[in-house]
Amino acid sequence: MNILCLGVNHESAPVEIRERMAFAHKNLASSLHDIQALDEIDEVVVLSTCNRVEIYAACKKIENGFDVIRDYLDQHFQMQTGETVDFYKLHNHAAARHLFSVAGGLDSMVLGETEIFGQVKKAYADAQNAGATSRALNKLFQQSFTAGKLIRTNTQLTRGASSVGSVAVDLAEKIFGDLSKCRVMLIGAGDMSRRTAKSLHSRGAKSIIVSNRSYDNAVKLAQEMDGKAIHFDDWSDSLNEVDIIVSSTAATHHVIHAEMIQSAMPQRGHQPLFVIDIAVPRDVDPAVGDIENVYLYDIGALEGIAAQTRHERKKQVAHCEQVLDQFIEEKGIDALAPAQSGPPTQSPSQQQKCDASSKSTSALPES
Amino acid sequence: MGQAFSYDVFLMDKIFLVISTLCFFGGFAYAVNGLRAGRHHDSRANLLVMGLGFAFLCATLYLRGQIHQRCPITSLHEVLIFLSWSMGLLYFILGKSFRLSLLGVFTAPLVLLFQLVALVGFFMEGTPAAIAKKTDQIDVWLELHASVSLVSFGALALAGVAGLMYLVQNRQLKRHQLKTLFYNLPPIQYLITAMFRLIAIGVMLLTIGTASAFFMRNVPAPIHQGLSMLTLLLYIILLVLYRRNRIGNIKLAQGAILLFSLPLLILMIL
């Protein structure tokens, strides 16, 4: 039995191609059955996310397997004559290793993101429920879950947050621990503060106060978050009642001054205050950060941490590859997915480094 | 027959102490290695090693109790062992409930140091008979004073450890420098709560320990009594100032670290 992987991802194909090739979830079961019914194909799993469409299959003959799936895709997505898609074609050991990288977040657009792990699990569960998997793919996907967990726990690939919103939430949790008792105040109801507040809300923050120059907008956002709106002139009265302040007004001068925070702190006892300033120009006087128990992060600091995380994650890639190599050696993946006997195949990232002529480009049938 | 039993016990307590020290060293090394590798989840293996170290420490104290036929706090090295035990006990009780698993990393070096000094003392001490001679009279108030005071010192030591963790975490958060340690340290709010509660527990126990000294058959030396009272007074002042918002979290943490030098001084002059 051979295992193959045919697919496109964010590196090999533009979004226009990826969105055209996305499998609708409601039709997935019938698509799985259709692919499984193709000549040579015994088992199949379709992984279809916004950044990749990959078909994993167990088949008797590799080249025939690639051909029949490619023909199916051409027909299923009604590709026009002359249209070309840069599929990567991986088989056996290379296909297995690629799946492990995907499950570990090594092949993701945001390196180290963990959402893909759940998506791989779901793709496998869907295929299993449709009766499209058997011994070979069952074992391969089970191993991929172990590999994904191994990368998460034994490396620093998933450590830290790589976007401004998630950095803010991570910091809030490092200051307060459980966010369910935290009270949040939004000063300004712009898009950034809305997103940050939603992130905090999703992690448990319940009591949210919104203050905005346009009171109607404040009410609207407050309703979205099950919070309450206050008039812009009144926000300073609530300073001693909140634990997290997210400020993003369009003001051209400082809105929050050190004296205001200083005077509110004694009423807060020894409770820390987390101030997130995501406005440009800044809303919060930098001197606020010098006050004891106050932790001030402006957009520059948040972006700096996010960039640092991304940089650290890149540095982890080599270590992750080693972990995967060791895992494959220990688990004897070669027995499951034997080393390739045909022409060597390349991983999607390797393909990117090659020039166009050497790409494993699959031209869809011209007629 | 009794003498032979004592010799066996006399050897076993040292073996148990060596094993316990090795376990704590192993737990410390594992935790430091984990920190360097960036693992930031609780490890059952590490907890098991720390638990084994604590179990062997309990066994050591039990055997010393058999030798003395009383609470084994008769010499500096036994005091250090008892102090390690109380810190271990508080770590297992408070560490988990406050989710301060990393407290072990900070506690372990102190426990290791205490146990290494104690080991040297253990191997230099005389025969079981010579040791038993020193402690032929039992004073209930002395037992209470010594044991409760030592557990209070354990709580105050952990308060100092929590204070150190708070200062490290506060510095990283203030300077926006989130290094490996940042991801492993507990939330700063938990550290503040733990610090205050540990000092409060320490003060309560020290009050009982200090008060019981007044009922002892042989009242301790004035310098010992004076230092105990001074320690208690300073910790109470620290708590009162904190509760009345006269000092903040940083001063409380610094106070918890600096004031622990007093219990150490008391132990040295014991």
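In this predicted model, the meeting of the two chains involves 17 residues of chain B in contact with 19 residues of chain A. On the chain B side, the elements that put in two or more residues are α6, α7 (180-184), α8 (188-213) and α10 (249-259) of chain B. α8(B) gives the most, with four residues.

**The cores**

The largest nonpolar core holds 115 residues, and A:A172, A:V184 and B:M195 have the most contacts inside it. Helix α6 (residues 140-175) of chain B supplies the largest share of this core, 16 residues. Apart from it sits another core, this one of 51 residues, including A:I35, A:L47, A:A103 and A:F141. As a rule, nonpolar side chains tend to be buried together in soluble globular proteins.

So what does A:A172 touch, leaving aside residues up to four places away in sequence? Its partners are A:L179, A:C182, A:L200, A:I244 and A:F274.

**Around helix α7 of chain A**

A:A172 is one of the buried residues of α7(A), a helix that is mostly covered, with 11 of its 13 residues buried. Just after the helix, A:G177 takes a positive phi of about 75°.

Chain A has 13 helices and 12 strands. Four of the strands make an open sheet in the order β2-β3-β1-β5 (chain A), with antiparallel pairing. At its edges are β2 (41-48) and β5 (88-91) of chain A, each pairing on one side only. Neighbouring strands here are turned by 15° against each other on average, ignoring direction. Strand β1 (residues 2-9) of chain A pairs with β5(A) in the antiparallel sense over four bridges, and A:L6 stands opposite A:K89 in β5(A).

| Helix of chain A | Strands of chain A it lies across | Angle |
|---|---|---|
| α3 (residues 62-76) | β1, β2, β3 (52-59) and β5 | about 40° to β1(A) |
| α6 (residues 135-154) | β1, β2 and β3 | about 35° to β2(A) |

**A:K61, between strand and helix**

The loop between β3 and α3 of chain A is where A:K61 is found. Is A:K61 buried or partly exposed? It counts as partly exposed, because it has 14 C-beta neighbours inside 10 Å, and being buried would take 20 or more. A:K61 and A:L4 are 57 residues apart in sequence, yet their C-alpha atoms are 9.7 Å apart in space.

**Chain A as a whole**

Of the 367 residues of chain A, 45% count as buried. Looking at contacts in chain A with a separation of 6 or more, 74% of them come from residues 24 or more positions apart.

Notes. Residues are numbered from 1 along each chain as its sequence is written. Chains are lettered from A and ligands numbered from 1 in the order in which they are written. This is a predicted model: local features need pLDDT of at least 70, side-chain atom pairs count only at pLDDT 80 or more; totals for chains, interfaces and linings use all residues. A residue is buried if 20 or more other C-beta atoms lie within 10 Å of its own, exposed if 12 or fewer, and partly exposed in between; C-beta atoms are placed from the backbone. Two strands pair if DSSP finds at least two bridges between them. Axes are lines fitted to C-alpha atoms, for helices over the stretch in contact, and angles run from 0 to 180 degrees between N-to-C directions. Two residues are in contact if their C-beta atoms, placed from the backbone, lie within 7 Å. A nonpolar core is a set of buried Ala, Val, Leu, Ile, Met, Phe, Trp, Tyr and Cys residues joined through C-beta atoms within 7 Å.
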